[in-house]
Amino acid sequence: MTIQSHFSLIREKIHCLEIMSSEILTCQRVLSFTVFLGFMIHHMLRVNISIAIVEMVFRNYSNVTQEDHGPRYDWDEEEKNDILGCFFWGAKIVVGTGLLSASILTLLTPVAAHMGYLWLVVARFCLGVSLGIHWPSTPPIATKWIAPADTATFMSHMTASSLGVAVTLPVCGYLIAYWGWASVFYVTGSVALTWSLCWFYLIYDSPEEHPRISTTEKEKLRLEIKPVNTSLKKPPIPWMKMLTSGPVWSVIMGNTCAGCTFFVAFNQLPTYMSHVLHFNIKANGLFSSLPYLVRYFVSLVSCITADKLKKNDKFSTTTIRKFFNVSFFVGAGCLFTAQAFWGYSGIVSVVVFTVSLGLMGFVTAGVYTNPVDISRAFSGTILGVSQVPGALIGYVTTEVVAFFTKEKQGFEQWASVFWMLVGVNAFAAVFSFIFTSGEEQSWSVSADVKEMEKLESQDTVEK
């Protein structure tokens, strides 16, 4: 074999490998994996302070020995909950600059804490602004990259946020124990910074804009993602019809009420396990993370199940969405009733929070996927609108907890919080059962026809 033929054989093998890699590692799969990691990091940056703040403040009324895990600050319950809640002041403002600025703010959090309480409040507020656009930007991505029948599975990547919490809390517990609470922000901020740089290089808004997508994948997407309407011009947002639509309000109320349960656990569970159940920081991180791990896997299974039921036409989309929504709200209501009676027990509390947040995985197959059902064109707008009260409830829950626990951190005070969750979930179950719909609404016009025509035109030129 001559040298020339040898190099020709090598080039042929390299070309075959390139073809195989483009078929296996498609742009769509890269998008899915990057979105998955993005939501893990999104909640990693949000939850890190929930466990770190346990060791950042003095426990004036606690008889438990306070270990030295870094400097402590003399913040009362209202100030501590303001720090946890000020994130949500910015999350409703969908003008964020994304995870890049959020990672920088996270790296600067120890400096802000050292400078003073107000500086830390400002840093957390800006973090909320930075991350505010993440959730409502995901449905529009789905309409351009994902087939309608696979939407719920793709949207399950949003609950990778729970997996991020499940990983972050125990890791942070050990980081605090061995290197102090400041290490939590340095490590999580560095991870987020790395992801941000990868995101800018790998991800594009649509297949038509992607410079590295193969002709085969573009053709596949063109056939799978078929717009319903033939209008080339996307109409203005029908705000009046949208905001007087029962299904839209089902999404808004569902997101808000589910957020009430989620944010109590998200912001307060490490504090509850420390002050009421007296878990040490490493056990606190481990047990606080368990509910989120269960939630992610329940979400993944429920979304895959929902998509299969939709493909098989065994149940209507409306029935599927109602089932998953109502199942969560009823289940959570029953569990927090038990927590209000027996939550002084560590075993009961771990079981209640684990199962209730596990059931919250159903919301992904219901509330979070539902905007794409009722309006593919305005799905991002609907989810964005629902995030405003959803973010507000995050702040309200911190104020409610501060009100009940200001004088004392005991089970009697926390029982009032749990009864509040029972009422919220009962209301949400009834509201969702009445108003949830899986049908595209009459005021909605399917979008992206122009996008797909550009895609088809570009395919023709390349061929």
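Analyst: Let us begin with a network. In this predicted model, salt bridges link Lys310, Arg321 and Asp373 into a network.

User: How many salt bridges does the structure hold?

Analyst: There are 2 salt bridges in the structure. In one of them, Lys310 pairs with Asp373, and the closest N and O atoms are 3.5 Å apart. Lys310 belongs to helix α15 (residues 281–312) and Asp373 to helix α19 (residues 370–374), so this pair ties together parts that are 63 residues apart in sequence. Asp373 also forms a salt bridge with Arg321, where the closest N and O atoms are 2.5 Å apart. Here Asp373 in helix α19 is joined to Arg321 in helix α16 (residues 317–342), and the pair links distant parts of the chain, 52 residues apart.

User: Is Asp373 buried or exposed?

Analyst: A residue counts as buried when its relative accessible area is under 20%. Asp373 has a relative accessibility of 10% and therefore counts as buried. Arg321 is buried as well. Lys310 has a relative accessible area of 24%, which means that Lys310 is partly exposed.

User: How should I read the packing of two helices?

Analyst: Two packed helices are described by the angle between their axes and by the distance between those axes. In this structure, helix α14 (residues 246–275) packs with helix α21 (residues 411–435) at an angle of about 160°, and their axes are 9 Å apart.

User: What does the angle say about the directions of α14 and α21?

Analyst: Angles over 145 degrees count as roughly antiparallel. The helices α14 and α21 are therefore roughly antiparallel to each other. The crossing in which α14 passes α21 is left-handed.

User: Which classes of residue make up the contact of α14 with α21?

Analyst: The contact of α14 with α21 has 18 nonpolar and 6 polar residues, with no charged residues.

User: Let us turn to the aromatic rings. How many aromatic pairs are there?

Analyst: The count comes to 20 aromatic pairs. One of the pairs is formed by Tyr272 and Phe353: the ring centres are 6.5 Å apart and the planes lie at 50°, so the pair is tilted. Tyr272 is in helix α14 and Phe353 in helix α17 (residues 346–359), and the pair links distant parts of the chain, 81 residues apart. Both Tyr272 and Phe353 are buried.

User: Which residues do ring pairs link into a cluster with Tyr272?

Analyst: The cluster linked by ring pairs consists of Tyr272, Phe336, Phe353, Trp414 and Phe418.

Terms used:
Residues numbered from 1 in each chain as written. Predicted model: local features only at pLDDT ≥ 70, side-chain atom pairs only at ≥ 80, totals over all residues. Heavy atoms only, no water. Axes fitted to C-alpha atoms, helices over the stretch in contact; angles between N-to-C directions. Helix = DSSP H or I, 4+ residues; strand = E, 2+ residues; numbered from the N terminus. Parallel < 35°, antiparallel > 145°, perpendicular 65-115°, else oblique. Left-handed = near helix turned anticlockwise from the far one by under 90°. Nonpolar A, V, L, I, M, F, W, Y, C, P; charged D, E, K, R; others polar. Salt bridge = Lys/Arg side-chain N within 4 Å of Asp/Glu carboxyl O. Buried < 20%, exposed > 50% of the residue type's maximum accessible area, 1.4 Å probe, protein only. Phe/Tyr/Trp six-rings, centres within 6.5 Å; stacked < 30°, edge-to-face > 60°.
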